[in-house]
Amino acid sequence: MIRRWLALLSLASAPLWANEPAPELKLLSEHPVAGMSGGNLSGIAWCGDALWAVSDREDDVLYRLDTSVSPWQAEPERFEAGPPPDSGLPWGMRMRTWLSGHVRGGHLDFEGLSCDSLGNRYLVSEAHAAVLRVSPAGTAEWLRLPESLVRQARASGMLWHFNALFEGIAVDPKAERLWLAAERERRGLLVLHRQQSSWQCTGGCVLMAEGGDQPPPPALGDAPLPKSFSAVAFFGDKVFVLEPSAYRVCRRSLTTGAVERCWSFAEEALTEERRYAEPYGNAEALWIDEEGAWIGVDNNGKARGDGEKRPIVWRFSAPKGGWGAKP
């Protein structure tokens, strides 16, 4: 209840700059990724001394990205996930997911990647609303999430639509807190706290949930698109979300999920050479560090304006004043 009142208060006192255009991030470099046999880069994370990636079309592999060559080369690391736990999703949704996995590949549909200070990798399965932890040695284990997680999310209007479930995951360096991003219709953020070997909702799992549409960047016209999240990252005691249809990265409050500041990457992503034919955004992966942001593009095997069909990773510089800067 306290968290809900804080969220309402933050909305009521939203700053005037919230409706102003977000400042543009500067693109430093872009990197096609070769060697991801299933394509569909859906998550990235910096673990140890390397950038790692995951595909939503492959259930048993992580990719270490060799950034010393051009194009970047994806080096596979295999693991065995085992059967996922029952998260409480409805039977009909589970059956649609099972059929979709047979058609397109990727029964687990890994849609996000994060990493703790020990080098453990965390993958969120959209298909099963579950989280897999892969150790540095390659041992995989499903986390013990609370039974109320999906129930609370659905009570807030999230996780009601097929292929619009958990799309992003972030953990803090000590792996004491874990955030999940629900994709769209309605989108939202949820938080869990670790208690020994299990994870719990402390004061409720749902940080925020919202529906509705938003205008795309001017380059894409004025037809509104559903508000959506495609990734979440943790840095500097803040959470950052990737909003693909708006082509922006937003910093949000840890306690309420309220937006604090946004930065756009539309100017760089929507050049004629980099643009894809789909009206929605293709950016699906996010990692934030002090120097900037890594943003990964899941192109679904389709070519962009210059004919490039491989997954892409963009490197943007941090905004002026850093990621904690005030307007």
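This is a predicted model: local features need pLDDT of at least 70, side-chain atom pairs count only at pLDDT 80 or more; totals for chains, interfaces and linings use all residues.
Visitor: Fine. How far is it from S to S in the Cys250 and Cys262 disulfide?
Guide: 2.0 Å. A disulfide is called when two cysteine sulfur atoms lie within 2.5 Å.

Visitor: Is Cys250 buried or exposed?
Guide: Buried, because its relative accessible area is 0%. Cys262 is buried too, at 8%. The cut-offs are simple: buried is under 20% relative accessible area, exposed is over 50%, and partly exposed is in between (1.4 Å probe, protein chains only).

Visitor: How many disulfides does the whole structure have?
Guide: A search of the whole structure gives 3. Count the bonded cysteines along the chain, and the pattern reads 1-2, 3-4, 5-6.

Visitor: Which cysteine does Cys47 bond with?
Guide: Cys115, with 2.4 Å between the sulfur atoms. Cys47 is in strand β2 and Cys115 is in strand β6 (residues 110-115), so the link ties together parts 68 residues apart in sequence. Both cysteines, Cys47 and Cys115, are buried.

Visitor: And Cys201, what is its partner?
Guide: Cys205, with the two sulfur atoms 1.5 Å apart. The link of Cys201 and Cys205 is left-handed, at -55° about the S-S bond. Cys201 and Cys205 are both buried.

Visitor: New topic. In what order do the 8 strands of the open sheet run?
Guide: The order is β2-β3-β4-β5-β1-β23-β22-β21, and the pairing is mixed. Two strands count as paired when DSSP finds at least two bridges between them.

Visitor: Which strands sit at the edges?
Guide: β2 (41-47) and β21. Each of these edge strands pairs on one side only.

Visitor: Pick one pair for me. How many bridges join β4 to β5?
Guide: Take β4 (residues 61-66) and β5 (residues 72-78): 6 bridges join them. The two strands run antiparallel.

Visitor: What is the bridge partner of Leu62 in β5?
Guide: Glu77.

Visitor: What about the loop between those two strands, which proline lies there?
Guide: Pro71 lies in the loop between β4 and β5. The peptide bond from Ser70 to Pro71 is cis, with omega near 0°.

Visitor: Is the peptide bond from Glu185 to Arg186 cis or trans?
Guide: That bond is cis as well, with omega near 5°. Arg186 is in the loop between β11 (177-182) and β12 (187-195).

Visitor: Now backbone angles. What is phi of Ala175 near?
Guide: Near 55°. That is a positive value in a residue other than glycine.

Visitor: Where is Ala175 found?
Guide: In the loop between β10 (166-171) and β11. Ala175 counts as buried, because its relative accessibility is 7%.

Visitor: And Asp237, what is phi there?
Guide: Near 60°, again positive in a residue other than glycine. Asp237 lies in the loop between β17 (231-235) and β18 (238-243).

Visitor: What does Asp237 count as, in terms of relative accessibility?
Guide: Partly exposed, because its relative accessibility is 45%.

Key. Residues are numbered from 1 along each chain as its sequence is written. Side-chain values use heavy atoms; hydrogens and water are left out. Helices (H or I, at least four residues) and strands (E, at least two) are DSSP runs, numbered from the N terminus.
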